[in-house]
Amino acid sequence: MLVAAAVCPCPPLLVPEVAAGAAPELDAARAACVDALGVLAAARPDRLVVVGPGEDGVTAYPEGTPGSFRGFGVDKDVRLGPGEGAAAGGELPYGLMAAAWLLERTGWSDAPVEGITVGEELPAPRCAAVGRDLAARAGRVALLVMGDASACRSLKAPGYLDERAAPFDAEIARALGAADGAALTALDTELARELKVSGRAPWQVLAGAAEGTALGGALLYEDAPYGVGYVVAAWS
């Protein structure tokens, strides 16, 4: 069953070497992510599953799968937890690379790690079913859920300014902070796509995994420093 979850944003800029001179702008987000991972460790899980955004369907990444930030101009490599796993789906995608960096930063050694990505087009019922399956894989399961809110919060945002973005992100932050799985499941898939929300499917996986539990939530961070909504929350 699911015993804890951490929700973190997944921009490559989370890694200070990638952000370079802009790194201080996300210091508060990084600190909140470290706090959220502390909640996972305190839950003493038997397994940690990292869930992030992907291209299509569901793709699995075993422990030790490598990733590289060279595509973002930085000679920095990461692995998903310890080990030398070979990736069935290739190297880690950017969302799981951000998670691997966080796990490395916090020195995660509390439980075995595996990763999955869920595609943007995956419908909410399918996402929930994936979550229920993950929660049933071990006695005590924790999730590290990676994803961003809208990318349309300012004129300079990747998706330009959309007046629908701020209220949509506010509901996301409320739901994640309140561990409101029903609200996450009910997120408008089409609107999320239009607002370039990468976290919709991963959050709905979390909602499915949390069904039947009594987890409470805490909102640790919410801001949009680059016109993209970043939310950090912990469920325990």
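Q: What is arginine 200 in contact with, leaving aside its neighbours within four places in sequence?
A: Beyond those neighbours, arginine 200 is in contact with Gly119, Glu120, Glu121, Leu122, Pro123, Ala124, Cys127, Leu187, Thr189 and Ala192, where contact means heavy atoms within 4.5 Å. The model is predicted: local features need pLDDT of at least 70, side-chain atom pairs count only at pLDDT 80 or more, and totals for chains, interfaces and linings use all residues. Residues are numbered from 1 along each chain as its sequence is written, and side-chain values use heavy atoms, with hydrogens and water left out.

Q: What makes the approach of arginine 200 to glutamine 204 a polar contact?
A: Their side chains are joined at 2.7 Å. The rule asks for a pair of N or O atoms within 3.5 Å; within protein, one must be able to donate a hydrogen and the other to accept it, and residues adjacent in sequence count only if both atoms are side-chain atoms. The side chain of arginine 200 also reaches the backbone oxygen of glutamate 120, at 2.4 Å.

Q: How do you know that helix 8 is mostly covered?
A: In helix 8 (residues 200-209), 10 of its 10 residues are buried, among them Arg200, Trp203 and Gln204. Buried means under 20% relative accessible area, exposed over 50% and partly exposed in between (1.4 Å probe, protein chains only). Helices (H or I, at least four residues) and strands (E, at least two) are DSSP runs, numbered from the N terminus.

Q: Why is the pair of phenylalanine 69 and phenylalanine 72 called tilted?
A: Rings of Phe, Tyr and Trp (its six-membered ring) pair if their centres lie within 6.5 Å; planes under 30 degrees apart count as stacked, over 60 as edge-to-face and the rest as tilted. The count comes to one aromatic pair. Its ring centres are 6.2 Å apart and its planes stand at 50 degrees, so the pair is tilted. Phenylalanine 69 has a relative accessible area of 1% and is therefore buried, whereas phenylalanine 72, at 39%, counts as partly exposed.

Q: Why is glycine 147 called buried?
A: Its relative accessible area is 1%, which puts glycine 147 in the buried class. Glycine 147 lies in the loop between strand 7 (141-146) and helix 5 (165-177). Among the residues it touches is Trp203, 56 residues away in sequence and 7.8 Å away, C-alpha to C-alpha.

Q: What makes a set of residues a nonpolar core?
A: The members are buried Ala, Val, Leu, Ile, Met, Phe, Trp, Tyr and Cys residues joined through side-chain atoms within 4.5 Å. The largest such core has 44 residues, and those with the most contacts inside it are Leu40, Val50, Leu103, Leu144 and Met146. Helix 3 gives the largest share of this core, eight residues.

Q: Why does arginine 44 count as exposed?
A: Its relative accessibility is 67%, so arginine 44 counts as exposed. Arginine 44 is in the loop between helix 2 and strand 2, and its phi is near 50 degrees, a positive value in a residue other than glycine.
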